[in-house]
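Here are my notes on the model you sent. Please read them with the structure open.

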Amino acid sequence: MSGPSFLDLPRATRARGTVTLPGSKSISNRVLLLAALADGTTNITGLLDSDDTRVMLAALAALGVTLDEQGDGRVTVRGAERFRQPAAELFLGNAGTAVRPLTAALALMGGDYGVSGVPRMHERPIGDLVDALRALGAEISYGGQEGYPPLRIGTGRLRAQGPVRMPGAVSSQFLTAMLLAAPIYTNTVGEPLVIEIVGDLISKPYIEITLNLMARYGVVVERDGWSRFTVPASSSYRSPGRIAVEGDASSASYFLALGAVGEGPVRVQGVGRDSIQGDVAFTQTLEAMGVHIEFGGDWMESRGICVARGEKLRAFDADFNLIPDAAMTAAALALFADGPCRLRNIGSWRVKETDRIHAMQTELAKLGAGVASGPDWLEVTPPAADGWRDAEIGTWDDHRMAMSMSLAAFGPAKVRILDPGCVSKTFPTYFDVYAELVGGEELV
């Protein structure tokens, strides 16, 4: 990736201002696939411009989908129930929101497709999804390690099948992929697709996003709690004509956190009380830490403390199963708490862009924090006033490591962010926007 190898962040003492959020990554890639599989033309506005959406757009173009990119988040997609290209080699980077759903769609259509990504993507499990697709008659083989990409997809023979069982504890993206691709199956075999979840389903708010968007495209999924999902027979997507992508609620967490430690107010526009994204619940974490939050239909605002004057946030002990991405921001905020902070039920961090539990433990410790971890938890003890250490923060090719750890600049240590360009995965201009909000004037 081109760009500077590091970025030195000046000592920050305050944060205030307003930021208009880029489009949600989760919504953007779901909408692109739905539009491609729908009958009719969809005019999309607010689409995120990032590495992950670019690989999805490139993949859809390679599959014969007609796309018209007008810029400024506007894309027109002319959909069809099946892709026109029966064969393609798709390189999808490290975009889980592209690899998993496209794998399901291609496998249920059948053809001659290769699906690959960067080395880290080849370390991220996909076996639970592949097993479920094979149970329906799809033909998929592994090009390397069993259970992981790269994948080879052939022409299988779909068959009527009783409930398909999928574990729910590794990644909610597997269920999202099956749900998004389900109408291909139901139209082929003329039977409903029933998916049963084995064990607890993680990241439920992301499934809510999937179900909400499917309904906007005319497919209503029947749900029995979080354990059984039924896509009706002969379901098919119909374009709503126009659809606007919300601002990214996960990205909102960084700016709300800036207002939390830099007095604020910091307002984010593009996502608010009316959002379909679960990560807006991060505001509850902030409120528990003593931050004042205000809402509008499509905006949120934070007013917090001034850590540069020695003020502290309240420590927390919380379950972050429902908002694992925003939990990265909470881990960084723990640096400024009045005691140890514990993040529980974050096992999904292990299979993200990097092993985030290990990465976060490593980088917080560099700054002088006391950090302990387990299979699905992290505990952070803030540095003592005289215990902060200057640090070069490794980002582990993970956009959320870079953005969340930018909060460390509010401490007394010198902070250097390595490979800042990794934010291009979801928010290419993050550090420019950060610099517009953050200041370091003398305190009085």
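1. Lys352 sits in the loop between β19 (341–344) and α10 (356–366). This is a predicted model, so treat the placement as a prediction. Lys352 has a relative accessibility of 16%. It counts as buried because the cut-off is under 20%. Leaving aside neighbours within four places in sequence, Lys352 is in contact with Arg120, Arg124 and Asp325.

2. Ser203 is also in a loop, the one between β11 (193–198) and α6 (204–216). Its relative accessible area is 4%, so Ser203 is buried. Residues up to four places away in sequence aside, Ser203 touches Ser172, Asn321, Leu322 and Pro324.

3. Both residues carry an annotation. An unreviewed UniProt entry lists a "binding site" that covers Lys25, Ser26, Arg30, Ser171, Ser172, Gln173, Ser203, Asp325 and Lys352. Where do these residues lie in the model? The lining of the largest cavity includes Lys25, Ser26, Arg30, Ser171, Ser172, Gln173, Ser203, Asp325 and Lys352.

4. A further "binding site" record, again from an unreviewed UniProt entry, names Lys25, Gly96, Arg124, Gln173, Arg356, Arg400 and Lys425. The lining of the largest cavity takes in Lys25, Gly96, Arg124, Gln173, Arg356, Arg400 and Lys425 from that set.

5. Gly96 belongs to helix α3 (residues 96–109). Gly96 is buried, at 5% relative accessible area. Arg124 and Gln173 are listed in the record with Gly96.

6. Arg400 is in helix α11 (residues 399–405). Is Arg400 buried or exposed? With a relative accessibility of 2%, Arg400 counts as buried. Not counting residues up to four places away in sequence, Arg400 touches Lys25, Ser250, Tyr254, Asp325, Met328 and Arg356. The side chains of Arg400 and Tyr254 make a polar contact at 2.9 Å.

7. Now the domains. Domain 1 covers 6–20 + 247–439, and domain 2 covers 25–244. Their C-alpha centres are 30 Å apart. How many residues are in contact across the two domains? On the domain 1 side there are 23, and they contact 23 residues of domain 2.

8. About 1800 Å² is buried between domain 1 and domain 2, with carbon and sulfur atoms giving 48% of that area. On the domain 1 side, Ile276, Val351 and Lys425 lose the most area to domain 2. Together they account for 33% of what that side buries. Lys425 is also one of the residues in the UniProt record of point 4.

Technical notes: Residues are numbered from 1 along each chain as its sequence is written. This is a predicted model: local features need pLDDT of at least 70, side-chain atom pairs count only at pLDDT 80 or more; totals for chains, interfaces and linings use all residues. Side-chain values use heavy atoms; hydrogens and water are left out. UniProt positions are given in the numbering used here, feature names are shortened, and annotations may be inferred rather than shown by experiment. On a 1 Å grid over the protein atoms alone, a cavity is a set of points where a 1.4 Å probe fits but cannot get out, and a pocket is an open set with protein on both sides within 12 Å along at least five of seven lines; lining residues have an atom within 4 Å of a point. Helices (H or I, at least four residues) and strands (E, at least two) are DSSP runs, numbered from the N terminus. Buried means under 20% relative accessible area, exposed over 50%, partly exposed in between (1.4 Å probe, protein chains only). Contact means heavy atoms within 4.5 Å. A polar contact is a pair of N or O atoms within 3.5 Å; within protein, one must be able to donate a hydrogen and the other to accept it, and residues adjacent in sequence count only if both atoms are side-chain atoms. Domain bounds come from an automatic or database domain assignment. Buried area is the accessible area (1.4 Å probe) that two parts lose on being put together, summed over both.
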